[in-house]
Amino acid sequence: MVVKKLEINGFRNLNGFAASFAAEKNLIFGANGSGKTSVIEALFLLGFGKSFLPVRRGELVQFNAPGFFLSADVLGGSGENTVSASLEKNFSLRLNGERATLVEVGRYMYPLFFSHFSYGLVIDYAPYFRKLVDRFIYGVSSLYFHDVLRYTNTLKQKNSLLKNLGKAVDNSELHSWNLLLAEAGCKLVKKRMAFTDQLNRAIGDAYGCDLQMTYRPALLTPGLVSETTMLDNLERMKSAEIKCRPTLIGP
């Protein structure tokens with residue numbers, strides 16, 4: 001994926017901004033507050049629908065502007081496409097002028113962002129690292145986004161049930177959610193493992209070194225992953241989860 005051109009209007013402190021990029025490396029420089037980070041943030045938002053900073057979309061609109069508009073011409077395996085995002089009353093993503101979902105846009109635009117802040121979080125904060133890996137996998141397989149959403153929504157439903165179980169424990173309902181979690185969770189684990197193997201092979205081919213990444217799901221039997229074993233793990237934790245209230249194991 002190569003971003004050939006970027007246009008920004010009403011976003012942060014940038015208005016009427018346009019830049020063309022080289023096919024390989026590009027250096028962005030300027031004084032403090034000139035909008036360097038805003039350029040990177042705009043590219044990230046086009047790929048993921050939000051900033052990499054903990055801010056609401058409305059906070060990204062330039063002062064006194066009615067909203068923002070971003071557009072990028074992207075060259076990839078399917079040729080050149082235009083990805084755009086706008087926020088006025090509502091937020092909208094478009095692909096070649098037609099409204100599009102985040103999954104559809106992600107097939108053409110999936111930027112990755114690193115900084116020294118990210119490095120500290122990766123070392124100290126495992127959930128951030130997991131999220132970063134998920135973004136890598138999403139860039140390789142856009143359908144992975146559906147798998148993550150399905151697992152996350154199912155997990156929220158089960159945790160909601162656990163928090164409101166009270167004295168009458170409905171084991172059959174809890175078992176039903178565990179069935180769904182085992183199915184959705186197994187897909188995540190297998191795709192993460194496959195990506196890890198692919199990444200390690202690429203590292204070996206490119207650098208010939210022993211550097212490797214290892215992925216271990218938070219399961220009682222992490223080495224034997226299937227829907228059956230994952231369901232068995234969840235069922236074995238049922239009493240502890242009822243007592244503690246959240247789901248305790250998973251991918």
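This is a predicted model: local features need pLDDT of at least 70, side-chain atom pairs count only at pLDDT 80 or more; totals for chains, interfaces and linings use all residues.
Strand S1 (2-9) and helix H1 (36-48) each supply at least two residues to the lining of the second largest pocket. H1 is the greatest contributor to the lining of the second largest pocket, with five residues. In total, 19 residues line this pocket, and those nearest its centre are Val3, Phe21, Asn26, Ile40 and Leu43. The space within the second largest pocket amounts to about 530 Å³. Sorted by class, its lining comprises 14 nonpolar, two polar and three charged residues.

The setting of these elements may now be described. The protein chain contains eight helices and six strands. Read from the N terminus, its elements follow the order β-β-α-β-β-β-β-α-α-α-α-α-α-α. Along the principal axes, the C-alpha atoms of the chain fill a box of roughly 60 × 50 × 35 Å.

The largest pocket is considered next. It holds about 860 Å³ of space. Its lining consists of 28 residues, of which Lys131, Asp134, Val148, Thr152 and Arg192 are the closest to the centre. The elements that give two or more residues to this lining are helix H4 (126-140), helix H5 (144-163) and helix H6 (171-207). Which of the elements gives the most to the lining of the largest pocket? That element is H5, with nine residues. By class, the lining of the largest pocket is made up of 17 nonpolar, four polar and seven charged residues.

H5 and H6 pack at an angle of about 150 degrees, and their axes are 9 Å apart. Angles over 145 degrees count as roughly antiparallel, and H5 and H6 are therefore roughly antiparallel to each other. Their crossing is left-handed. In the contact of H5 with H6 there are 12 nonpolar, four polar and eight charged residues.

H4 meets H6 in another arrangement. The angle between H4 and H6 is about 80 degrees, with the axes 11 Å apart. Because of this angle, H4 is roughly perpendicular to H6. On the H4 side, the contact is made by Arg130, Val133, Asp134, Phe136, Ile137 and Val140, and on the H6 side by Lys191, Arg192 and Phe195.

The crossing in which H6 passes H7 is right-handed. H6 contributes His175, Asn178, Leu179, Leu181, Ala182, Glu183, Gly185, Cys186 and Val189 to the contact, while H7 contributes Glu227, Met230, Leu231, Leu234 and Glu235. The residues of this contact divide into eight nonpolar, three polar and three charged.

Notes
Residues are numbered from 1 along each chain as its sequence is written. Side-chain values use heavy atoms; hydrogens and water are left out. On a 1 Å grid over the protein atoms alone, a cavity is a set of points where a 1.4 Å probe fits but cannot get out, and a pocket is an open set with protein on both sides within 12 Å along at least five of seven lines; lining residues have an atom within 4 Å of a point. Grid points are joined across faces, edges and corners, and a volume is the space filled by probe spheres set on the points. Helices (H or I, at least four residues) and strands (E, at least two) are DSSP runs, numbered from the N terminus. Ala, Val, Leu, Ile, Met, Phe, Trp, Tyr, Cys and Pro count as nonpolar, Asp, Glu, Lys and Arg as charged, and the others, Gly among them, as polar. Axes are lines fitted to C-alpha atoms, for helices over the stretch in contact, and angles run from 0 to 180 degrees between N-to-C directions. Angles under 35 degrees count as roughly parallel, over 145 as roughly antiparallel, 65 to 115 as roughly perpendicular and the rest as oblique. A crossing is left-handed if the near helix is turned anticlockwise from the far one by less than a right angle, and right-handed if clockwise. Contact means heavy atoms within 4.5 Å.
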